[in-house]
Structure formats: C-alpha cells, structure tokens
Amino acid sequence: PALSIPHRRSNYRKPVQKGVISTDGDRCVIVGENGVSYKLPGAPFEFQYSYSETPNAEPIAIREPAYLPFAPPTMPRPWTGKAPLKKSKKNIPLFDSFNPPPPGKKGVKHVEKPGPFPFGKYPKEGKTREEILGEPLKKWEIKMLVKPLLSYNRQVNLGRDGLTHNMLDLIHSHWKRRRVCKIKCKGVPTVDMDNVCRHIEEKTGGKIIHRVGGVVYLFRGRNYNYRTRPQYPVMLWKPATPVYPKLIQEAPEGLTKAEADEFRKKGKSLLPICTLGRFYHMLLPILEVVTFFVHVAAKNGVYASLVKDVRDAFEECPLVKIDCKGLQPSDYKKMGAKLKELVPCVLLSFDDEQILMWRGRDWKSMYGDTSSTLVPVKADISSGIDNSAKSSDDSGTPDAQRVVSSPKMMSLWRRAIESNKALLLEELALGPDALLEKVEEFEGMSLAIEHSCEALVLSSEDGSSSSSSAEFKGGSYSEDENDIYSSDIIDDEDYDDDSFAEVNPSIPLGSLPVDKIAERLRRESK
C-alpha cells in the first residue's frame with residue numbers, strides 16, 4: 001500500500017498554478033515554466049525528472065500528490081526489516097582520478113588517467129567548468145579519444161524520456177574509468193538533437209567533442225577528478241506526468257472551425273511524406289515524369305532530419321502528414337509538439353496514428369520567391385488542396401497547366417543545366433528515336449565535359465613559361481569561364497606567379513610507359 005501511488009490512468013486531478021505547491025522544510029515542489037521541479041537545499045539547480053523533454057507550456061494540473069521523489073534526509077538507509085549491519089573494519093579510500101591505482105594491480109578495472117596534457121603540464125584541481133575542461137582539445141586529440149569508442153559497447157542509452165535526473169550520476173560513473181562517455185540517443189529526443197546536447201553539457205559540465213547521428217561523445221575534461229565530482233541524490237521513482245494544455249484545437253490559430261475541418265477532410269486523402277518505421281520514403285515530384293517513391297535505409301529510431309523534411313514538404317504543399325503507425329501515442333504527440341515549435345507549423349490532427357500539420361498563414365519559403373513552370377497535372381501533389389496554385393497556360397494550350405513548382409527543385413535544375421549535367425528539351429513532342437538520339441548526344445557531351453580539364457602549356461625554346469586554357473571543341477570551356485576548381489579549395493594567393501617557371505618542360509620522347517606500350521603494339525602489328 002505504501003507504494004501504490006496514483007498513475008496516469010487514475011482519476012486524480014489537482015489544478016495547480018505557478019509557484020510552490022508543496023514544502024517539506026527546506027525542500028519544496030515548484031511548478032513553473034519547466035514543469036514540475038524539485039528544490040533541495042545546497043543543490044546547484046532545480047532537479048527535474050527529465051531536463052530535455054519538458055514542454056515549454058506550464059502544466060495546468062498534476063496527477064499525483066506533490067511528493068518529493070527523493071529519500072527523506074532523516075533516513076540514512078531504506079528500511080529492509082532487519083537491523084543495520086555493523087560498520088566495516090576495512091578502510092576503503094575514495095577513488096581519486098589524480099592518484100589512480102597502478103595499471104597492473106590485481107582486481108582493479110582499467111582506469112584512464114586525467115588528460116591528455118601537453119608536454120610539461122600536469123593535472124590541477126579545478127572548481128569551475130572552464131578549469132575542469134582545461135584547454136580546448138586539438139583535432140588529433142579528439143581523434144585519439146573517439147576512435148577507440150567507435151566500436152565500444154559500454155554506453156549510456158538515452159530514450160524517450162530524454163536526459164533524466166539519474167542519468168547524471170550514470171555519466172559520472174562512466175567518467176570514473178574513461179575520459180569520454182558514449183551516449184546513444186534514440187526516439188523522440190532525436191528530433192531536436194541540439195536541445196539534447198545543450199542540456200547534456202549544461203547539467204554534466206562536460207564537452208561534446210564528436211556527434212554523428214544520434215551518438216554523442218562527451219568529454220569529461222582535462223582536469224576532471226571523480227573524488228570532487230558533484231553528487232546528486234537518486235530519484236527513487238518516476239513522477240507522474242502533469243496535465244498540459246491540449247495540442248489539437250477545434251479552431252487552430254489563423255483558421256476558423258470550418259476551414260480546419262475542411263483541411264482535416266482533405267488530409268485524409270493526402271499521402272504521408274514519411275513513415276517513422278522500418279522504411280522511410282519520401283514523395284518527390286519530378287518535372288517530366290509522374291511522382292514516385294524512393295525507399296531508403298531505415299531510420300532506426302533517429303529522427304534528426306525530420307524537421308528539414310517537413311520544411312521541404314511545406315515548399316510543395318500547405319498540408320503535410322507523417323505516418324506514425326507502430327509508435328506509442330505519447331511519442332508521436334511529443335513529436336508533434338516539437339515540430340510545432342521547430343518548423344514552425346499548426347497541428348491539425350493525430351487521428352489514425354498520423355500527424356497532420358498546416359504551414360500557417362505567415363509561412364515564408366526558405367528559397368525566396370516561388371517560380372512557375374509547365375508540368376503535367378499528375379506530378380502535382382497539391383492538387384485539390386491549393387486551387388490557387390493552378391492556372392491556365394498563357395499561350396492557351398489546353399494540354400498543359402501552369403503549376404507552382406518547388407523553388408528548391410528549380411534551383412537544382414537550374415544549377416544542373418548551367419553545369420551541363422542536365423538538358424532542357426524545348427521540343428516536347430519527340431518520338432522515341434529522336435529522344436534516344438538526343439540522350440546519346442547529351443551523354444557523350446556530358447562525359448567529355450566531366451573528364452576534361454584545363455591544360456598547362458609550357459615552352460622551353462625561349463626559356464619563358466606560358467599557360468593557356470585548352471578549349472573544349474563543343475565550346476564548354478573558354479578563357480572567360482570560371483575555373484573548375486572553386487575558390488574555397490584552391491586559393492590563388494597561396495601560390496606565387498613564378499611558381500611554374502622552375503618546372504623543366506623538356507621530357508625525352510618515348511620515355512613514358514605508354515610510349516613503350518604503343519611501340520610494342522606497333523611492332524606486333526607489322
């Protein structure tokens with residue numbers, strides 16, 4: 001009976017307001033912008049069950065009495081029904097990272113010393129975060145620390161609850177023997193990995209030195225000492241989640257109830273842009289062919305690119321739907337709340353395990369003004385949703401319609417055409433033979449462009465060196481065109497004007513290996 005507390009499915013509801021709702025001496029329970037937090041005397045910050053997954057909205061009610069989920073200060077140990085054991089006669093010293101046990105000592109696990117330190121420097125005690133971290137790590141030091149942990153299975157798993165309170169002590173236990181702690185994130189927190197990384201660094205005091213996907217490598221600091229680490233009380237149980245305002249409203253902001261119902265009705269026939277399951281498929285509009293699906297590798301519970309996918313989808317259609325079949329209702333509702341703040345967008349529905357979103361009236365394109373182009377009607381995924389996107393062609397052609405295309409797609413097509421990697425067909429009514437001839441001609445030209453480069457001509461007769469650009473016969477290269485090497489890779493200032501003057505251009509004829517092979521083939525043919 002002592003452990004039977006109200007749970008989420010209970011009828012316990014107690015409205016709360018911002019401020020202190022329960023006190024126990026110097027210990028109190030507070031409701032604020034960060035939800036329900038617990039203040040203990042001497043604590044560096046207010047404790048919470050989850051630091052990274054707390055909604056920004058203030059709770060309106062709690063589902064259990066306001067108890068502190070920590071052990072009472074008057075009880076030195078939990079009651080087990082037996083008398084406490086006698087004090088041990090062994091004097092076990094505290095673990096000190098600055099004075100670790102010798103490497104060959106029997107019964108002691110592997111312990112890494114503080115560091116790494118430059119030559120001639122030694123560890124020193126630090127109190128602030130900057131003093132413990134020490135000097136910033138260099139690239140070779142980061143590579144040395146991270147490389148052994150790439151295939152290391154000793155890690156901290158961060159799930160749907162995000163960075164929890166007890167995880168802080170777990171990270172310090174990893175730092176006891178290793179300089180870097182590997183944290184693997186999965187689930188809802190990976191929608192906003194920047195938020196997770198920020199809270200990890202703030203609460204633990206470490207420094208994230210490498211991040212790939214949902215895996216984070218947290219460095220403890222050059223001057224870290226386990227003996228002087230911050231010690232936090234352990235949270236004995238998971239507090240019940242408070243009641244927050246509803247995410248879905250009958251008349252969302254910027255819409256009337258009739259408009260919202262119309263959007264929800266049209267959203268039922270809308271194809272989802274992705275499925276947060278085994279396969280992740282995107283709906284891509286192609287200008288000259290019908291729309292098709294592209295299946296790529298499974299996301300494996302990491303949704304770091306979901307915000308970008310939703311933003312790109314809003315460039316095509318004002319409504320976006322995400323299929324969340326197989327996920328817990330609490331998970332995709334938290335995901336919808338995150339997308340509402342990060343994209344931003346307006347949530348319309350969570351029906352049928354799907355998130356339906358509207359981009360809002362104040363939406364602005366990421367790629368500037370939209371441009372229109374002639375595409376077939378079948379390639380328009382926004383048909384039936386935005387009637388203003390379609391208009392008849394100015395030339396009066398009944399078979400083609402003018403549709404607002406994606407600015408990102410238009411910029412990619414324009415860049416491909418300018419770099420001769422794509423061909424714009426001016427004649428649409430081409431037969432199969434004529435189209436095949438065009439494709440073969442373009443393929444040969446594109447291969448020649450891809451394998452061509454500017455040549456350097458050196459003359460040794462007068463002792464002077466001169467360079468000239470070899471023009472491609474098709475007119476692809478000329479002296480006025482840009483160099484094939486971008487300025488961010490090769491900078492002209494790094495080289496002197498006379499750097500090529502010292503090159504000896506005189507190469508004896510027939511000295512190259514290819515000349516010997518050609519001579520042998522010539523003799524064999526005779």
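Colleague: Is Glu-33 buried or exposed?

Modeller: Glu-33 is exposed, with a relative accessible area of 53%. Buried here means under 20% relative accessible area, exposed over 50%, and partly exposed in between, with a 1.4 Å probe and protein chains only. This is a predicted model: local features need pLDDT of at least 70, side-chain atom pairs count only at pLDDT 80 or more, and totals for chains, interfaces and linings use all residues. Residues are numbered from 1 along each chain as its sequence is written, and side-chain values use heavy atoms, with hydrogens and water left out.

Colleague: Where is the place of Glu-33?

Modeller: Glu-33 sits in the loop between E3 and strand E4 (35-39). Helices (H or I, at least four residues) and strands (E, at least two) are DSSP runs, numbered from the N terminus.

Colleague: And which residues is Glu-33 in contact with, leaving aside its neighbours within four places in sequence?

Modeller: With those neighbours set aside, Glu-33 is in contact with Lys-18, Pro-55, Asn-56, Ala-57 and Glu-58. Contact means heavy atoms within 4.5 Å. Thr-54 is 21 residues apart from Glu-33 in sequence, and their C-alpha atoms are 9.1 Å apart in space.

Colleague: In which sense do E2 and E3 pair?

Modeller: E2 and strand E3 (residues 27-32) pair in the antiparallel sense over 5 bridges. Two strands count as paired if DSSP finds at least two bridges between them. The bridge partner of Asp-24 is Arg-27 in E3. The two strands form a hairpin with 2 residues between them, and Gly-25 in the turn has a positive phi of about 70°.

Colleague: Changing topic: what is the order of the sheet with E6 and E8?

Modeller: That open sheet of 4 strands runs E6-E7-E9-E8, with mixed pairing. Strand E6 (156-158) and strand E8 (207-212) stand at the edges with a single partner strand each, so one side of each has no neighbour in the sheet. The twist averages 25° from one strand to the next. Axes are lines fitted to C-alpha atoms, for helices over the stretch in contact, and angles run from 0 to 180 degrees between N-to-C directions.

Colleague: How many bridges link E6 and E7?

Modeller: E6 pairs with strand E7 (residues 180-185) in the parallel sense over 3 bridges, and Leu-158 stands opposite Cys-185 in E7.

Colleague: Which strands does H4 touch?

Modeller: Helix H4 (residues 193-204) packs on the sheet and touches E6, E7, E8 and E9, its direction making about 155° with that of E8. Helix H2 (residues 139-146) lies across E7, E8 and strand E9 (215-219), running at about 70° to E8.

Colleague: Now the other sheet: which strands stand at the edges?

Modeller: The order of this open sheet of 4 strands is E10-E13-E15-E14, again with mixed pairing. Strand E10 (274-275) and strand E14 (346-349) stand at the edges, each with a single partner strand, so one side of each is left without a neighbour. E10 and strand E13 (residues 319-323) pair in the parallel sense over 2 bridges, with Cys-274 opposite Ile-322 in E13. H6 packs on this sheet, touching E10, E13 and strand E15 (354-358), and its direction makes about 145° with that of E13.

Colleague: At what angle do H6 and H7 pack?

Modeller: Helix H6 (residues 306-314) and helix H7 (residues 329-342) pack at about 60°, with their axes 11 Å apart. That makes H6 oblique to H7, since angles under 35 degrees count as roughly parallel, over 145 as roughly antiparallel, 65 to 115 as roughly perpendicular and the rest as oblique. The contact is made by Leu-306, Val-307, Val-310 and Arg-311 of H6 and Met-335, Leu-339 and Leu-342 of H7.

Colleague: Finally, what is phi of Asp-352?

Modeller: Phi of Asp-352 is near 55°, a positive value in a residue other than glycine. Asp-352 lies in the loop between E14 and E15 and is exposed, at 59% relative accessible area. Glu-353 also has a positive phi, of about 55°, but counts as partly exposed at 32% relative accessibility.
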